[in-house]
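Here's a quick tour of the voids and the strand and helix layout in this one. Have a look at the model first, then read on.

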Amino acid sequence: MNPAAGWTPQNAWHASDTPHPDAILTSHDRIVAVGDYQELKDLAPLGTEHTDMENRSVLPGLGDAHIHSAIYARSLFEPDMRNCRSLEEALDVLKPYVAKAREDESITWIFGGQWNVHIWDKPVVPDRKALDSVSPDIPVALGSMDWHTLWLNSKALEELGLDRDVPNPNGGTYVRDEHGELTGILREAAAIPVRDGLMQSDVSGHIDDMLPHGQRELLKRGITSIHDIDGADCLYAYQKIRERGELDIRIHKVLRQEQILDFISRGIRTGSGDEWISIGPLKLFTDGALGSHTAHMSEPWPGTHDHGVAVISREELDHWTHKAAAAGIASAVHAVGDQAVTDVLDSFEANRTIAQVFGLRQRVEHAQYIKRDDILRFQRLGVTASMQPLHCPEEIPMNDFVEGRDMVAYGWNSLRAAGTPMAFGSDGPVVDPNPFFGIHAAVCRSEPEKPANRWQPEESIGLPEALYYYTHAVARASYEENLKGCLAPGMLADFIAVDRDVFAEDAQAVKDTVSKPPWWVRRSVISVNGKGDKEPAPVHRLLR
């Protein structure tokens, strides 16, 4: 999968006359050669350790261009309601956590959630009274599937000092009942202080201790590099983990708006850092999400006059993208709705000259709905579409409003055909960060339980292309395409061994691909069992 050698997703090497390479020679953490085992065996210096990969397929380590790794790590210890099919089931998931909190005085809040009313038997948004029936005494705050809505109980509202007199913030809503009382539902900007503040603080546990668990789960899924979307506390935690010698995954750290002035004052730019932890773009928000109907659309949601939520004005968007670009920092702007995408492209175009001076690669995060006229603008402006394929099958039941609108939905093939740079990720923990689930979604565009029901199949892409957007394209989005993302001499020896040849696999079965066992070469150590246990690695290794 080496683009420099002529490999492209459309014309992969395995489809040509080029012999299938069956060996990799590494020195320390770099690839020395890829090719025929007998030839590399003769090339290998004395003392090289030989490792038989037992006929598994070796792929470049996969990347995730958009993941909330701190929230994901915390979610491993919190109530998970994503598979609940009713309010009653969601409350049943919560009950043992309430019981544990009553026994453990150190637990002062309960967080978690990922509830999804769209799959409940009665798709009605819940309220605080339902939570009060299970936890009247311990504050509870639960995020929706897309994390753009929070569900709080009465005790949580009381602890936060929120009552009927609290005004709605710009770009957000405290939902109220017919009497003007808070229902416990907080949307968009109203949810942000709790979601990005309290729920990411030590009140929910020490992130330094949780991130290694999240790292382990990502490595099991074949992910060796991530673009993390969470706050500065996550960055500092990864730095501590690295100092302890426990960092086994490469981090491209996206910056948050509340931290950007501090980073600018310290002269930190996009690309600062090294091959383990590097600084990424500034994250900004322009709208909400599909599930809560807060995505900013050019046409109103069916049956309403509501166009969604613009959580930032165009003037403010221009201010921050320009300020960041002038300091050598790219921007990665959340835009789900087609009008939000247009606004972001307009802002990038207005600041194009200064961004080019610093060689910045601007990004639109999600880009789920795009006006057809904007497809070519991505390519013309050199803007990367950072997309999450697994959102497509997850949200097919909610996409009935798309018909009749002149826009592209999850338009991977349209963007690819236009020459737009793309990078794929998960948005975990909104969905499972398993990249093979995402590859399946990009190729099949169907719900796993309904494989024949392919939604807008003309926007599907091929499996080699999908794999490319999870590997070399992710590296490109972090300015590291000459460092990782393919198996070639000089590249980092970040690779995974999987149980099948995904290029020869049926597209429907690719979602079942697993790494077994994990093989991650790191500096002078190698993980031997996927649990963080280490042993010294040889200087030279030949893998067959």
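## Pockets, cavities and sheets

Helix 16 gives the largest share of the lining of the second largest pocket, three residues. This is a predicted model, where local features need pLDDT of at least 70 and side-chain atom pairs count only at pLDDT 80 or more, while totals for chains, interfaces and linings use all residues. Residues are numbered from 1 along each chain as its sequence is written, and side-chain values use heavy atoms, with hydrogens and water left out.

Back to that pocket: its volume is about 630 Å³, and 24 residues line the second largest pocket, with Asn 83, Arg 85, Glu 394, Pro 448 and Glu 449 nearest its centre. Helix 14 and helix 16 (435–444) are the elements that give two or more residues to this lining. (Helices are DSSP runs of H or I with at least four residues, strands are runs of E with at least two, and both are numbered from the N terminus.)

The search runs on a 1 Å grid over the protein atoms alone: a cavity is a set of points where a 1.4 Å probe fits but cannot get out, a pocket is an open set with protein on both sides within 12 Å along at least five of seven lines, and lining residues have an atom within 4 Å of a point. Grid points are joined across faces, edges and corners, and a volume is the space filled by probe spheres set on the points.

Across the whole structure, six cavities of 30 Å³ or more turn up.

| Cavity | Volume | Lining |
|---|---|---|
| Largest | about 250 Å³ | 24 residues |

Nearest the centre of the largest cavity lie His 68, Asp 146, His 148, His 334 and Asp 427. Its lining draws at least two residues each from helix 6 (192–197), strand 13 (277–285) and helix 14 (391–395). By class, that lining has eight nonpolar, eight polar and eight charged residues (Ala, Val, Leu, Ile, Met, Phe, Trp, Tyr, Cys and Pro count as nonpolar, Asp, Glu, Lys and Arg as charged, and the others, Gly among them, as polar).

A second open sheet has five strands in the order 6-7-8-10-9, with mixed pairing. Strand 8 (residues 149–152) and strand 10 (residues 182–188) pair in the antiparallel sense over three bridges. What is the bridge partner of Thr 149 in strand 10? That partner is Arg 187.

Terms used:
Pairing = 2+ DSSP bridges.
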